[in-house]
Every structure is written in structure tokens, then in C-alpha cells.
Amino acid sequence: MPETTQPDPRRWRALAFIAVAQLMVVLDATIVNIALPSAQADLGISDANRQWVITAYALAFGGLLLLGGRVADMWGRKNTFLTGLIGFAGASALGGAAANEFMMFASRALQGVFGALLAPAALSLLAVMFTETKERARAFGIFGAIAGGGAAIGLILGGILTEYLDWRWVFFVNIPIAAVAFVGALTQVFEPKGTRNRSPLDIPGTLLGTLGLVTLVYGFTRAETEGWSEAGTISMFVLTVVLLGAFVMVERRVKAPLLPMRVLLDRNRGGVYLALGLAVIAMFGLFLFLTYYLQIVKDYSPVRSGVAFLPMVAGMVIGSTQIGARLMTRVPARYIMTPGLLVAAAGMLILTQMGVDSSYVGLLLPAQLLLGLGLGSTFMPAMSLATYGVEPRDAGIASAMINTSQQVGGAIGTALLNTIAASATTTYISANLAGASSPELVQLQGMVNGYTTAIWWAVGILVVAAAIAFAFVNATPESEEAAFEGEGEGEAAPVMIH
């Protein structure tokens with residue numbers, strides 16, 4: 001048993017650089033969306049192929065996250081983190097310099113590959129560096145705020161860069177960010193000894209898990225463009241069930257599995273993965289609809305629509321650092337996550353009243369504040385509990401699972417809610433267009449009707465997420481402290497059932 005050592009005095013400076021790297025990965029999920037129309041026009045990308053700017057990243061990132069987490073556990077989290085930073089910066093440079101669609105698609109796929117190394121390495125570094133309960137709450141409060149607010153920040157930054165500079169800067173901006181994070185991590189980030197998992201890589205599990213996640217993400221992406229009943233879409237979902245079913249069978253039998261079932265089946269971690277995945281389904285759908293609503297219905301510029309998301313970002317930061325982090329050491333996590341998800345659902349409920357002429361201050365502002373406070377309060381304990389009770393050698397794969405639940409949730413949310421919105425819009429316009437004095441107004445009303453119909457579904461999804469958090473997450477501050485003390489000793493930490 002290794003000796004217990006004092007916490008490294010560099011850990012808070014290390015957190016700053018890890019947070020910078022994590023922000024770069026998270027905002028990349030939305031920053032490119034704002035620049036896509038300009039990039040498409042410059043590079044001559046067809047309407048049929050433009051989805052691959054988003055899909056290439058999603059497939060590589062979502063498909064390789066489990067492998068990235070295992071590599072971090074095996075090779076070392078700091079080594080993996082630094083490699084991810086170099087690769088992500090290089091892929092971003094390729095995207096910014098893209099001269100044709102092939103270079104663009106390749107850069108996005110490479111960003112996904114190195115993001116799948118970077119994201120789980122970042123979270124697992126925090127898991128092994130911050131083991132004292134109160135410090136852990138503060139550290140994960142900051143990390144949770146970034147995870148929740150990064151996507152909205154991407155919308156703001158993407159709008160500013162596209163409108164005032166050039167779409168290529170949504171890629172080039174990653175280079176100085178990665179450079180700062182790399183230099184800081186090289187000197188300030190440390191990794192406690194005795195926390196690596198040096199078991200050989202599970203090749204069959206890696207192939208099955210990666211292919212299963214790729215087909216799952218692609219299935220939802222295809223459903224959005226081709227339809228849910230299209231033969232190719234159905235075949236992707238069938239193949240997903242076969243591959244992931246085989247993956248589980250292999251993982252239960254091999255000596256050193258890619259994803260040990262002990263990581264997945266703990267009720268606290270399993271509850272967090274499910275609840276957060278559902279929350280992300282709702283959140284990504286919301287970003288999509290509010291962006292369309294502000295730019296198309298309200299005629300906001302990209303910059304103005306990005307700035308309009310600031311109240312939600314502020315709410316997430318406050319919810320994560322001032323509510324979640326402060327309460328995490330005082331009350332059971334279920335009593336933070338459950339009310340947080342219900343507050344977010346209340347914010348969504350306000351948005352179901354959205355109309356063509358709705359007031360930003362009177363409707364969108366209070367809804368965003370509630371959403372931000374609720375989701376921020378939820379993300380903080382969720383990020384902390386993602387590695388609750390795991391052995392240090394499993395910290396990377398446990399961190400990868402929280403990223404996987406978010407990535408899959410984002411793919412499902414974009415496809416499912418967009419399909420619901422499109423169907424409701426078509427039905428409304430068909431019923432009201434004939435004889436209308438203003439066809440343009442009916443078109444806008446139909447769009448808003450589609451958004452609000454989908455947002456009703458998002459409300460229900462958040463309520464289900466709240467119920468899952470309440471039913472499964474039973475960790476208390478005392479049990480968390482015992483678990484994290486177990487981690488620090490390099491032993492299997494206890495899982496407390498109450």
C-alpha cells in the first residue's frame with residue numbers, strides 16, 4: 001500500500017490549465033455550428049455533405065471516448081492530456097487552413113480523435129489530484145460550470161469570430177488556447193504515483209465498444225437527415241444493439257476489460273450517467289431551437305444571438321460554483337441534482353409559451369436564468385460523482401463514461417427533438433397556410449410551434465432525469481468522503497448503500 005502524501009501545492013494552478021483545455025473541447029461542440037454556413041460557401045461543400053462537418057467530429061469523439069479513458073489509465077493521465085492538446089491544436093490548424101471539403105472533414109475527425117484523449121484525461125486528473133471532500137467539491141464546481149456553460153460560450157465566440165474576423169478563426173483560436181494549456185500542464189499538472197492501470201489493452205472489447213458507439217451516434221445523426229423509418233437508419237440501430245450486446249458479453253468474461261462492469265453498475269455512477277445524458281438531450285435541443293428562434297424569427301445577428309445566451313452561462317456558473325459546490329459537502333447529492341433538474345424543467349416550461357413576438361426580457365431571460373441555475377447545480381455533483389468510489393486505476397474509464405453519456409445525449413437530443421419540431425412545424429403550416437393573409441407570418445408561427453412542441457418533450461425528459469437522480473443517487477457527504485479517502489489509499493473505495 002503506497003504511503004499517503006500531502007496534496008501537491010500546485011493542484012489549484014493545475015486546475016486552471018485543465019479547465020482551459022476542457023473549455024476548448026466543450027465549446028468546440030457549438031462554435032463550429034455558427035461558422036458552418038460561411039465555411040460551406042467558401043469551400044464549396046454541398047448541402048448533402050455539410051452535415052459531415054459536425055458528424056465527422058461526433059463519430060470520432062463519441063466512438064473513441066472509452067478507448068481514450070483506458071489509454072489515460074494505462075499510459076498516464078498527464079501524458080494523455082498533453083498528447084491530446086498537441087493533436088487537437090494540430091487538427092484545428094488543419095481545419096483553419098482547409099482548402100476543400102476533404103481537408104475540413106479530416107480536420108474535424110482528427111479533432112474528435114484527440115478530443116477523445118483530452119476529455120477523459122482532464123476529468124480523471126481532477127479525480128486523482130483532489131481527494132479531500134471540500135476541495136473536491138470546489139474543483140468540480142469549477143469544472144462543472146465549464147462543462148455546462150462551454151456550449152453556450154461557443155455560440156457567443158463563434159458569432160463574434162465569424163462576424164468580425166473570418167470563419168477560419170473558430171479553428172485557429174484553439175491553437176493559442178492549447179499552447180497556454182500545454183505549457184501550464186507541463187509545469188503544474190502532476191499525477192500521483194500508483195494510480196495507473198497497466199493491464200494489457202482489451203482489443204476485442206475496444207473494437208466492439210468503439211464500433212458500437214460509432215454506429216449509435218451515426219444512427220441518430222442519420223435519423224435527423226434521412227428519417228427514423230429509413231432502412232439505413234434502422235439497420236444502424238440494429239447493428240448498435242448487436243455490437244454493444246457483444247461488447248457487454250466480452251467485458252464480463254475478459255480478465256482486463258476496457259470497461260469493467262464495476263464502473264458501470266454502481267448505482268450512484270449509473271444514476272449520474274443516465275440523469276446527465278437525459279439532461280444533455282434536453283440542453284442540446286434547447287441550444288438548437290433558441291439559436292434558430294433568435295436568428296430567424298427575431299432576426300438577431302450571430303453576435304447578438306450569442307450574447308443573448310449570456311444569462312444562461314451566468315446561471316450555470318453560479319449554480320455550479322455557488323450552489324452545487326457549497327451544498328455538496330453538506331447535503332446528499334440527490335437533494336442537489338433532483339431540485340436542480342426540476343428548476344431547469346421549470347425554465348423549459350416557460351419557453352413553451354414562446355411566440356413570434358415574445359419579449360426577450362419578459363420570457364427568454366427568466367427562462368434562461370432558471371435553466372442555467374438548475375443545470376449548473378446538477379452538473380457539479382454529477383461531475384464529482386462520475387468517479388465516485390472507483391479505484392484510482394479506473395478513474396480514466398469512469399471519466400470517459402460521463403463524457404460518453406454527454407456525447408450520446410447530444411446526438412440523441414439534436415436528432416430526436418429536431419425531428420419532433422420539424423413534424424410539428426409541417427403539420428401547423430399545412431393546417432393554417434391556405435387562405436392566410438400573410439404566408440410569411442404563418443411560416444414563422446409554424447417554426448415557433450415546432451420549437452415549443454419539442455420543448456414540451458424536453459420538459460418531460462428533465463423530469464424523468466430528476467426522478468432517476470432521486471431514485472439512484474444515494475451518496476451522502478460522509479460516504480463520499482470515505483470513498484475518496486479509499487481512492488487516495490489506492491484501494492477499492494466503499495460503495496455506500498442507504
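Predicted model: local features only at pLDDT ≥ 70, side-chain atom pairs only at ≥ 80, totals over all residues.
Trainee: Which residues touch the most other members of the largest nonpolar core?

Mentor: In general, nonpolar side chains in soluble globular proteins tend to be buried together. Here, the largest nonpolar core holds 126 residues, and those touching the most other members are I18, F81, M348, L351, M354, L364 and L462. Helix α11 (residues 267-297) gives the most to this core, with 17 residues.

Trainee: What does L462 touch, leaving aside residues up to four places away in sequence?

Mentor: With those set aside, L462 touches A279, A282, L341, A344, A345, M348 and L375. Another core, of 17 residues, lies apart from the largest one; L27, A98, F105 and V170 are among its members.

Trainee: Does R334 count as buried or exposed?

Mentor: Buried means under 20% relative accessible area. R334 counts as buried because its relative accessibility is 19%. R334 is found in helix α14 (residues 334-351). Not counting residues up to four places away in sequence, R334 touches P339, A469, F470, A471, V473 and N474.

Trainee: Which residues meet where α2 contacts α3?

Mentor: From α2 come Y57, G68, V71, A72, D73 and W75, which meet R77, N79, T80, T83 and F88 of α3. By class, the residues of this contact are five nonpolar, four polar and two charged.

Note on methods
Residues numbered from 1 in each chain as written. Heavy atoms only, no water. Core = buried A, V, L, I, M, F, W, Y, C linked by side-chain atoms within 4.5 Å. Buried < 20%, exposed > 50% of the residue type's maximum accessible area, 1.4 Å probe, protein only. Helix = DSSP H or I, 4+ residues; strand = E, 2+ residues; numbered from the N terminus. Contact = heavy atoms within 4.5 Å. Nonpolar A, V, L, I, M, F, W, Y, C, P; charged D, E, K, R; others polar.
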